[in-house]
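Visitor: Could you put the model up? I have a few questions about it.

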Amino acid sequence: MAKKAKRGGQGTPATVALEAAGVPFTVHAYEHDPAAASYGEEAAEAMGAGQDQVFKTLLAEVDGVLTVGVVPVAAKLDLKALAAAVGGKHAAMADPVAAERATGYVLGGISPLGQRRRLRTVVDDSALAFDSVYVSAGRRGLEVELAPADLVALTSAAAAPIARRREG
């Protein structure tokens with residue numbers, strides 16, 4: 001993927017981290033609707049991308065330690081699989097306030113990149129099937145597109161099957 005970043009006042013900790021790493025990426029901005037039922041589904045629709053290629057960033061506590069799970073917006077985070085991926089036993093969704101405090105981002109705009117504190121991260125292995133994936137750029141209405149291998153490398157993530165497809 002030989003895309004360059006689109007600049008122009010879109011700087012967030014996530015895009016700053018990507019620029020500092022010299023990783024090719026593209027910023028995609030769209031008008032966020034505060035009434036949207038799902039931030040991730042809204043992003044996929046606004047960008048015309050498949051919900052399997054747009055990933056959401058979720059935080060859980062695995063054995064009391066904040067852990068990031070990055071899964072397609074079309075799926076749910078499998079907490080048991082996340083715990084197993086990091087060698088843990090018990091996982092539960094993190095308190096939203098703790099998630100915002102640890103990452104420096106607000107819900108609906110949490111990026112796996114450029115977080116305030118480096119947290120253990122697991123990216124669903126389905127990301128590796130794509131040439132590029134979309135993740136939050138750190139603000140609602142702003143996504144970055146990058147190679148999944150770069151996402152895994154920059155977040156020091158493990159890649160594991162942590163997504164559970166929604167039923168229905």
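**Pockets and strands**

Visitor: Which residues line the second largest pocket?
Guide: The second largest pocket is lined by A17, V68, P112, L113, G114, Q115, R117, R118, L119, T121, L154 and T155. This is a predicted model, where local features need pLDDT of at least 70 and side-chain atom pairs pLDDT 80 or more, while totals for chains, interfaces and linings use all residues. Numbering starts from 1 along each chain as its sequence is written, and side-chain values use heavy atoms, without hydrogens and water.

Visitor: What counts as a pocket here?
Guide: On a 1 Å grid over the protein atoms alone, a pocket is an open set of points where a 1.4 Å probe fits, with protein on both sides within 12 Å along at least five of seven lines; lining residues have an atom within 4 Å of a point.

Visitor: What volume does the second largest pocket have?
Guide: About 200 Å³, a volume being the space filled by probe spheres set on the grid points, which are joined across faces, edges and corners.

Visitor: And how much space lies in the largest pocket?
Guide: The largest pocket holds about 460 Å³ of space. Its lining has 30 residues, and those nearest the centre are Y39, K56, T57, L58 and G108.

Visitor: Which elements supply at least two residues of that lining?
Guide: They are α2 (39-47), β2, α4 (96-103), β7 (133-139) and β8 (142-146). Helices (H or I, at least four residues) and strands (E, at least two) are DSSP runs, numbered from the N terminus.

Visitor: Which one gives the most to the lining of the largest pocket?
Guide: Strand β2 does, with 5 residues.

Visitor: Let's stay with β2, then. How many of its residues are buried?
Guide: Of the 8 residues of β2, 6 are buried, so the strand is largely enclosed by the rest of the structure. Buried means under 20% relative accessible area with a 1.4 Å probe, protein chains only.

Visitor: How many bridges join β2 to β3?
Guide: There are 8 bridges between β2 and β3 (residues 65-72), and the two run antiparallel. L59 has V68 in β3 as its bridge partner.

Visitor: What about the hairpin of β2 and β3?
Guide: That hairpin has 2 residues between the strands, and D63 takes a positive phi near 50 degrees.

Visitor: In which sense do β2 and β5 pair?
Guide: Strand β2 (residues 55-62) pairs with β5 in the antiparallel sense over 3 bridges. Here V62 stands opposite A91 in β5. Two strands count as paired if DSSP finds at least two bridges between them.

Visitor: What is the strand order of the open sheet of 5 strands?
Guide: The order is β5-β2-β3-β6-β9, and the pairing is mixed. The edge strands, each pairing on one side only, are β5 (91-93) and β9 (158-160).

Visitor: New topic: the open sheet of 3 strands. What is its order?
Guide: That sheet runs β1-β8-β7 with antiparallel pairing. Its edges are β1 (26-29) and β7, each of which pairs on one side only.

Visitor: How many bridges are there between β1 and β8?
Guide: The antiparallel pair β1 and β8 has 4 bridges. A29 finds its bridge partner in L142 of β8.

Visitor: And over how many bridges do β7 and β8 pair?
Guide: Strands β7 and β8 pair over 5 bridges, in the antiparallel sense. Y134 stands opposite E145 in β8. The β7 and β8 hairpin has 2 residues between the strands, with G141 at a positive phi near 90 degrees.

Visitor: Why is β7 described as largely enclosed?
Guide: Because 6 of the 7 residues of β7 are buried.

Visitor: Back to α2. Which of its residues are buried?
Guide: The buried residues of α2 are G40, E42, A43 and A44.

Visitor: What do the buried residues of α2 pack against?
Guide: They pack against β8, where contact means heavy atoms within 4.5 Å.

Visitor: What follows α2?
Guide: Next comes G48, with a positive phi near 70 degrees.

Terms used:
Buried < 20%, exposed > 50% of the residue type's maximum accessible area, 1.4 Å probe, protein only.
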